[in-house]
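I opened a new page to keep track of what I look up in this structure. The entries follow the order in which I went through it.

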Amino acid sequence: MTPTAPTTDRDGERPRVGVTLPTFGPHAGPDAIVTVARAADRLGLHSVATTERLLLPAGDDWDNAYGLPESYVWEPIEVLTWAAAHTERVRLATGIVNALFQPPIVLARRLATLDRLSGGRLDVGLGQGWLPEEFVATGTSPGRRGRGFEEHLAVMRACWGPDPVEHHGEDHVIPTATVGPKPVRGADMPVLIGAVARPAVERAARLGGFVTGVRDWDTSATEIGWYRDAGGAGPVVVQVMSTWGASPDEPVNAFAAWAVAEVGHAATVGADEVRVELNLTGVA
C-alpha cells in the first residue's frame with residue numbers, strides 16, 4: 001500500500017523535511033556523506049544536518065545506549081563544508097553544536113566561513129551541552145550554562161555584525177577590532193537553540209528558533225507549547241530517530257511508511273521542519 005501524504009493543521013502546509021548525514025557508525029565517511037547530501041539535494045529535501053558528540057565514555061552501558069561500540073562522531077562543521085562542496089541548494093544545518101566548548105569568536109568565524117562558502121545555506125543549531133565528560137575534557141564549567149550561554153551567543157552575533165566589533169562581558173572580552181568573514185545575512189544568521197528543560201526552552205524563545213529531539217510526540221508537543229507560550233516566534237525543528245537498517249531484512253517501503261507517519265506527527269505538534277536521523281549502524 002502506498003502511504004498517504006500527511007496532513008497538517010498549520011494553514012495547510014506540511015513541515016519541511018530534512019535528513020542527517022552519516023557521521024557515525026560503520027558507514028561514516030566522505031563517500032557516504034556525499035551520496036546522502038547529493039540525494040537530498042536532487043530530491044528537493046530542505047536540509048541535511050549533523051550533530052556534535054566530542055566523545056563517548058568508555059563502558060558497556062554507553063556502548064549499549066548509543067549502539068556505537070568503537071565508533072566516533074565526525075566533526076559537524078567540517079562534514080557540512082564537505083557536503084556544501086558537493087551540493088547546490090539544500091540547506092546545511094548544525095543540529096546541534098555545543099557552543100560552550102569553543103571560544104565564541106572562534107566558533108562564529110568557523111560558522112561564518114561555512115556560510116559564505118555555501119552561498120548562505122547554513123542554519124545554525126546551538127546547544128549548551130549535557131554530557132559531564134565533555135565538560136571535563138574541554139575544561140568548561142557546567143556553571144557556564146544559562147547566563148554564560150546567552151553571553152556566548154551575544155558575542156557570536158556581535159562577530160557576525162558590522163565592524164568594528166567590541167564586547168566587554170563577564171566571561172568574554174573582544175577589543176575593538178574587525179572580525180570576519182561575515183555570514184551572508186550578517187547578524188541575522190538563522191540560529192536555533194536546542195533545549196529540553198522548560199527554562200532552557202523559554203530561553204530559546206528569547207534567543208531564536210527551537211530544535212528538539214523527539215522522545216515521544218506528547219513530550220514534543222509540550223516542549224513546543226512552552227516555546228510558543230514564552231513568545232518564541234522562530235522556526236521549530238524536530239529530529240526523529242530512525243532504526244531502519246538495524247535488520248538487513250527490513251524493507252525500504254516500511255521505512256517510507258514510518259517516515260511519512262513521522263512527518264504527519266510533526267505537523268500535528270506544529271513543527272516547521274522534521275529531520276530524519278538515519279541510524280544505519282546495523283546495515284552490513
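**Entry 1: around T140**

I began with T140 and T138, whose side chains are joined by a polar contact of 2.9 Å. A polar contact is a pair of N or O atoms within 3.5 Å; within protein, one must be able to donate a hydrogen and the other to accept it, and residues adjacent in sequence count only if both atoms are side-chain atoms. I noted that this is a predicted model, in which local features need pLDDT of at least 70 and side-chain atom pairs count only at pLDDT 80 or more, while totals for chains, interfaces and linings use all residues. Residues are numbered from 1 along each chain as its sequence is written, and side-chain values use heavy atoms, with hydrogens and water left out.

I found T140 in the loop between α5 (132-138) and α6 (147-160). Helices (H or I, at least four residues) and strands (E, at least two) are DSSP runs, numbered from the N terminus. Buried means under 20% relative accessible area, exposed over 50%, and partly exposed in between (1.4 Å probe, protein chains only). Neighbours within four places in sequence aside, T140 is in contact with L100, F101 and F135. Contact means heavy atoms within 4.5 Å.

**Entry 2: aromatic pairs**

I looked up the aromatic pairs, and the structure holds two. The rings of F101 and F135 have centres 5.0 Å apart and planes at 80 degrees, so I listed this pair as edge-to-face. Rings of Phe, Tyr and Trp (its six-membered ring) pair if their centres lie within 6.5 Å; planes under 30 degrees apart count as stacked, over 60 as edge-to-face and the rest as tilted. F101 is in the loop between β3 (91-98) and α4 (104-117), F135 is in helix α5, and the two are 34 residues apart. Both F101 and F135 are buried.

F210 and Y227 form a stacked pair, with 5.4 Å centre to centre and 20 degrees between the planes. F210 lies in strand β8 (residues 209-213) and Y227 in helix α8 (residues 217-229), so this pair ties together parts 17 residues apart in sequence. F210 is buried, at a relative accessible area of 0%, and Y227 counts as buried at 0% relative accessibility.

**Entry 3: L54**

Next I checked L54, in the loop between β2 (47-50) and α2 (60-66). Is L54 buried, partly exposed or exposed? At 36% relative accessibility, L54 counts as partly exposed. Not counting residues up to four places away in sequence, L54 touches E75, F101, E134 and T138. L54 and E134 are 80 residues apart along the chain, and their C-alpha atoms are separated by 6.6 Å.

**Entry 4: strand β10**

Which strands does β10 pair with? Strand β1 (residues 16-20) runs parallel to β10 and is joined to it by four bridges. Strand β9 (residues 236-242) also runs parallel to β10, with six bridges. Two strands pair if DSSP finds at least two bridges between them. R16 stands opposite E273 in β10, and V240 has V276 of β10 as its bridge partner. Five of the six residues of β10 (residues 273-278) are buried, so I noted the strand as largely enclosed by the rest of the structure.

**Entry 5: the whole chain**

Last, I counted nine helices and 10 strands in the chain. Of its 284 residues, 50% count as buried.
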